[in-house]
Amino acid sequence: MSVKQGREFIVSKGFDSFFIDLNSAVKFNLRFFKELFLPPYEGREIIKQCYEIGWKSLPLISLTGFITGLVFTKQSRPSLAEFGATSWLPSLVAIAIIKALAPLVTALIAAGKVGSNIGAEIGSMRVTEQIDAMEVSAVNPFKFLVVSRVIATTVMIPILMCYTGCVAMLGSYINVHTNEMTSFVAFFEQAFSKISFLDIFSSLTKAVVYGYTIGIVGCYQGYNASQGTEGVGKAANASVVVSMFLIFVEEILIVQITNSIRG
Amino acid sequence: MENERQNKGKEEPVIKIRDLYKSFGSNDVLKAVSLDVYKGENVVVLGRSGTGKSVLIKIIAGLLTQDSGSVCVLGEDVSKLGEKDLLELRLKIGFSFQNSALYDSMTVRENLEFPLVRNKKHLRRKEIDASVEKVLTAVGLAQTINQMPSELSGGQRKRIGIARTLILNPEIMLYDEPTAGLDPITCIEINNLINRVKESFNTSSIIITHDLTCAKATGDRVAMLLEGTFAKEGTFDEVFDSEDDRIKSFYNYNFIK
């Protein structure tokens, strides 16, 4: 047992604080599921947060999705053209967008925009004692702030993912139509010919998991922000970094599980 | 004064603090603090910054827990209450924060309605509006009802913060540095408001401050917190009629003799 600055640590300060943080994060998640089913239900706040998270992310998501579809198609064409397989472009793009790009691009954009916003907002409420003010007013701040936001991100990220997929396919269609004069119906018929129910289900599962991750990480970082404006900045930053890290870990896990189901 | 104290000796205090200890790491903030607050009384806790004054009222409101000792509010031991009972007790406690803690994203009306609509669900729209108007009139800011907190001055924010606590008709008010950062005229207005709240809403209060003008204007009794413990307790004049150099220097610093 080492002793530093009068305080005792089991291994080291960093090692100990990692497990203390992990314990606190697990408790925070468990509290979410406990509070989720208990009244009062903050319906109006959930709708407000869905609007904030979903509707206000649309311009950024639209632009990113459209450019992703367009650029991916443009970059893939030369490689397929070498084998005279440009007719496979719609299928290739659909597989890439639906199975990987739409959930991942949506989640990463949302982690940057929504996650940081949640971390900063709840963090500033913590350091300016607004959360304490809710508690002394006999209002459950966890229910009002955390549960409503996590539900909103978990519901809205899958919807945004579907939207991103549509916009990206539209971007791809414009490129294919301009070069190969493919009709709208022929493009989408070929695009979806290689997509199975499991692909769509797996992407929706990913989006739900990413949505939950973005919401809970942002809320956790904000709720536990330390005193001062520096703490708010750290909470916003950590919301993005931790969310992105977890999203990539979850991506690997879900892909492995889907592939093992597919056999 | 002596008769009054004897009478108070017979009745049960609304806040009873006994041998309270609280430390943060190696920093002992409160050491064997004991205090009684009686019904209808304004008690001022005076002390320098960082002496644990705010920690004391946060323990009373159940926002922090003590290391040892007991805090009984309206006959309930705060640290032993379950979540539901604590929420019920908090309905009887009003807490005015140092920086007002108004909800930035809500208008003044929404700030005031927030605790009401969540705790008194049977109320109709008309009754909610009437309650909002009543407390806004009580703090003299009826015209700010549709403004955002960012549009208010420091003094107005303090008064709206007090109004938000009054809307639940608390029996006990806890004021954390009510005059901090305000100009002398606004300080006098806030002091008058604290006294008006006591009269109109029949509250018992603890006022945390390092402002002697506020202490003199609002306190029926003053408790001087020095180095984590109450060094002296009594009326304002009794406390500062002291030979203790620490109390003398606190007085001299505030009033610059």
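**Exercise 1.** Find how many residue pairs are in polar contact between chain B and chain A.

*Solution.* Keep in mind that this is a predicted model. Counting pairs with both residues at pLDDT 80 or more, you get six in polar contact between chain B and chain A. Next, look for salt bridges: the two chains share three. One of them joins the side chains of A:Glu42 and B:Arg118, at 3.2 Å from N to O.

**Exercise 2.** Work out which elements of chain B give two or more residues to the side that touches chain A.

*Solution.* Start with the list: α3 (83-90), β6 (93-96) and α4 (108-119) of chain B. Then see who gives the most: that's α4(B), with four residues. Now sort this side of chain B by class, and you find 14 nonpolar, three polar and seven charged residues. Finally, zoom out: 24 residues of chain B contact 18 of chain A, and the chains bury about 1700 Å² between them, 54% of it on carbon and sulfur atoms.

**Exercise 3.** Decide how helix α1 (residues 13-36) and helix α6 (residues 141-180) of chain A are oriented where they pack.

*Solution.* First get the numbers: the angle is about 95 degrees and the axes are 10 Å apart. Angles of 65 to 115 degrees count as roughly perpendicular, so α1(A) is roughly perpendicular to α6(A). Next, pick out who touches whom: α1(A) brings residues including A:Phe28 and A:Phe32, while α6(A) brings A:Val146 and A:Ile151, among others. Last, sort this contact by class: eight nonpolar, no polar and three charged residues.

How values were computed. Residues numbered from 1 in each chain as written. Chains lettered and ligands numbered in written order. Predicted model: local features only at pLDDT ≥ 70, side-chain atom pairs only at ≥ 80, totals over all residues. Heavy atoms only, no water. Axes fitted to C-alpha atoms, helices over the stretch in contact; angles between N-to-C directions. Parallel < 35°, antiparallel > 145°, perpendicular 65-115°, else oblique. Contact = heavy atoms within 4.5 Å. Nonpolar A, V, L, I, M, F, W, Y, C, P; charged D, E, K, R; others polar. Buried area = accessible area lost by both parts, 1.4 Å probe. Salt bridge = Lys/Arg side-chain N within 4 Å of Asp/Glu carboxyl O. Polar contact = N/O pair within 3.5 Å; in protein donor to acceptor, adjacent residues only side chain to side chain.
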